[in-house]
Amino acid sequence: MEKTYNLLNNNYNVYIVDKEIQDKSITICKKYDGSLGYADCTSIAVMEELGIHEIVSFDEHFDNENSI
């Protein structure tokens with residue numbers, strides 16, 4: 001995933017809303033070694049940024065995240 005992220009950022013114009021959240025999402029993806037998808041990692045990054053610790057979700061991937 002990190003190689004793809006770097007390939008896109010280094011070779012294309014990637015339009016993003018918040019680069020800090022994008023970078024944090026990739027860090028979270030690396031922490032979970034690809035077991036969480038990018039969208040889930042982005043959700044966790046946004047939740048951390050906003051101080052959200054609880055969610056209602058049917059997504060079992062969040063069950064393994066200690067900070068939620």
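**Exercise 1. Identify the residues that make up the largest nonpolar core, and the elements that supply them.**

Solution. The largest nonpolar core holds 9 residues, namely Ile-21, Ile-28, Cys-29, Tyr-32, Leu-36, Cys-41, Ile-44, Ala-45 and Phe-62. H2 and helix H3 (38-50) are the elements that give two or more residues to this core. Such a core is a set of buried Ala, Val, Leu, Ile, Met, Phe, Trp, Tyr and Cys residues joined through side-chain atoms within 4.5 Å, where buried means under 20% relative accessible area, exposed over 50%, and partly exposed in between, with a 1.4 Å probe and protein chains only. As background, in soluble globular proteins nonpolar side chains tend to be buried together.

The model is predicted, and local features need pLDDT of at least 70, side-chain atom pairs count only at pLDDT 80 or more, while totals for chains, interfaces and linings use all residues. Residues are numbered from 1 along each chain as its sequence is written, and side-chain values use heavy atoms, with hydrogens and water left out.

**Exercise 2. Describe the secondary structure of the protein and state what share of its residues is buried.**

Solution. The protein has 3 helices and 0 strands, and its elements run α-α-α from the N terminus on. Helices (H or I, at least four residues) and strands (E, at least two) are DSSP runs, numbered from the N terminus. Of the 68 residues, 24% count as buried.

**Exercise 3. Determine how H1 and H2 are oriented, and which residues meet between them.**

Solution. Begin with the geometry: helix H1 (residues 2-11) and helix H2 (residues 19-31) pack at an angle of about 155°, and their axes are 10 Å apart. That makes H1 roughly antiparallel to H2, given that angles under 35 degrees count as roughly parallel, over 145 as roughly antiparallel, 65 to 115 as roughly perpendicular and the rest as oblique. The axes are lines fitted to C-alpha atoms, for helices over the stretch in contact, and the angles run from 0 to 180 degrees between N-to-C directions.

Next come the residues: Glu-2, Tyr-5 and Asn-9 in H1 meet Lys-19, Gln-22, Asp-23, Ile-26 and Lys-30 in H2, contact being defined as heavy atoms within 4.5 Å. These residues divide into 2 nonpolar, 2 polar and 4 charged. Lys-30 counts as partly exposed at 45% relative accessibility, and the C-alpha atoms of Lys-30 and Glu-2 are 7.5 Å apart in space, although the two are 28 residues apart in sequence.

Definitions and conventions: Nonpolar A, V, L, I, M, F, W, Y, C, P; charged D, E, K, R; others polar.
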